[in-house]
Amino acid sequence: MLMTSDFVEINSHKVRILKRKGQRHLRLRINSSGNAILSMPKRLPKYMGIKYLQTKTAWLDKHTFQPKQISFGSKLFTGQEISIVDGSNTRNRVVISKETLEFYLQFDSNDPASQRYMSKIIKNLYIDHLSKIVSQRLDYYSDLTKLKYRDFAVKNLRSKWGSCDRHKQLKFSLYLLGVDMALIDYVVLHELAHTKYMHHQPLFWKLCEQYMPDYKHRQKQLKISRMNLV
Ligand SMILES: [Zn+2]
């Protein structure tokens with residue numbers, strides 16, 4: 001077998017450990033679904049990987065989706081407020097309404113398992129929410145520019161706001177939820193423009209400017225925006 005895979009938990013982060021034949025160094029990365037993966041040489045014992053991961057907790061905090069501490073009354077980007085109900089007799093469950101997210105938790109809400117459960121629900125809610133916004137803005141700009149894309153997805157991207165590959169598949173960062181609509185529009189147009197020009201040469205920027213004369217201003221704003229979600 002070329003590869004074995006296993007999961008470990010480091011500071012409430014679930015990390016997949018892949019042992020690969022031919023892998024020479026430890027390599028920690030986040031895949032496109034936002035999950036942490038550590039690749040390590042096959043002959044290296046697992047505890048060495050765990051030891052390594054323990055020095056990387058700050059990196060994991062930064063690169064995996066983790067709304068700060070989720071507590072009673074936290075207000076979400078989707079507009080709802082969190083309420084936490086004692087659900088110690090049942091399994092974890094959530095009731096989602098327009099105004100609230102009611103969590104029935106098996107454990108104390110500060111417990112890592114409860115935090116993970118809530119975080120997962122909120123992440124999915126955020127993905128749905130941003131997908132609706134992005135879909136609507138893509139419709140608008142695609143109509144305006146006559147540029148066509150193949151498909152799009154919202155992902156847990158922490159190193160970039162968006163991307164476009166040569167198949168015209170677009171990706172948008174979940175963290176766009178934390179910035180102004182005008183900046184989401186800029187990223188949408190920017191990625192759409194890449195369906196025509198796969199570079200950042202003057203022609204590309206000319207196209208952006210044609211449909212968004214103040215794109216430079218928005219670009220600056222976005223540069224100082226932090227990738228952060230409550
Ligand atoms: Zn670009």
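# Close-up views of a predicted model

**View 1. The chain is divided into three assigned domains.** The domain assignment of the protein chain gives domain 1 (3-63), domain 2 (81-124) and domain 3 (126-224). The model shown in every view is predicted. Taken over C-alpha atoms, the centres of domain 1 and domain 2 are separated by 28 Å.

**View 2. Strands β5, β7 and β6 form an open sheet.** The sheet has 3 strands in the order β5-β7-β6. Its pairing is mixed. β5 (81-86) and β6 (93-96) stand at the edges, each with a single partner strand, so one side of each is left without a neighbour in the sheet. From one strand to the next, the twist averages 20°. Strands of a sheet pair through backbone hydrogen bonds, either parallel or antiparallel.

**View 3. β6 pairs with β7.** β7 covers residues 100-105. The two strands, β6 and β7, run antiparallel and are joined by 4 bridges.

**View 4. β10 pairs with both β8 and β9.** Strand β8 (residues 151-155) runs parallel to strand β10 (residues 169-173), and 5 bridges join them. Phe 152 has Leu 170 of β10 as its bridge partner. Strand β9 (residues 162-164) runs antiparallel to β10, with 3 bridges between them. Here Gly 162 stands opposite Phe 172 of β10. β9 and β10 form a hairpin with 4 residues between the strands. In this hairpin, Lys 168 takes a positive phi near 65°.

**View 5. Helix α3 crosses helix α4.** The axes of α3 (residues 112-145) and α4 come within 10 Å and cross at roughly 55°. That angle makes α3 oblique to α4. The crossing is right-handed. From α3, the contact uses Ile 133, Val 134, Arg 137, Leu 138, Tyr 141, Ser 142 and Thr 145. From α4, it uses Ile 184, Asp 185, Val 188, Leu 189 and Leu 192. By class, the contact of α3 with α4 has 8 nonpolar, 2 polar and 2 charged residues.

**View 6. Helix α4 packs against helix α5.** α4 spans residues 181-193 and α5 spans residues 202-211. Their axes lie 10 Å apart, at an angle of about 135°. That makes α4 oblique to α5. α4 passes α5 in a right-handed crossing. Leu 189, His 190 and Ala 193 of α4 make the contact with Phe 204, Leu 207, Cys 208 and Tyr 211 of α5. The contact of α4 with α5 has 6 nonpolar residues, 1 polar residue and no charged residues.

View 7. α6 covers residues 215-224. The axes of α4 and α6 come within 9 Å and cross at roughly 110°. The two helices, α4 and α6, are therefore roughly perpendicular to each other. The residues of the contact of α4 with α6 divide into 5 nonpolar, 2 polar and 1 charged.

How values were computed
Residues are numbered from 1 along each chain as its sequence is written. This is a predicted model: local features need pLDDT of at least 70, side-chain atom pairs count only at pLDDT 80 or more; totals for chains, interfaces and linings use all residues. Axes are lines fitted to C-alpha atoms, for helices over the stretch in contact, and angles run from 0 to 180 degrees between N-to-C directions. Angles under 35 degrees count as roughly parallel, over 145 as roughly antiparallel, 65 to 115 as roughly perpendicular and the rest as oblique. A crossing is left-handed if the near helix is turned anticlockwise from the far one by less than a right angle, and right-handed if clockwise. Two residues are in contact if their C-beta atoms, placed from the backbone, lie within 7 Å. Ala, Val, Leu, Ile, Met, Phe, Trp, Tyr, Cys and Pro count as nonpolar, Asp, Glu, Lys and Arg as charged, and the others, Gly among them, as polar. Domain bounds come from an automatic or database domain assignment. Two strands pair if DSSP finds at least two bridges between them.
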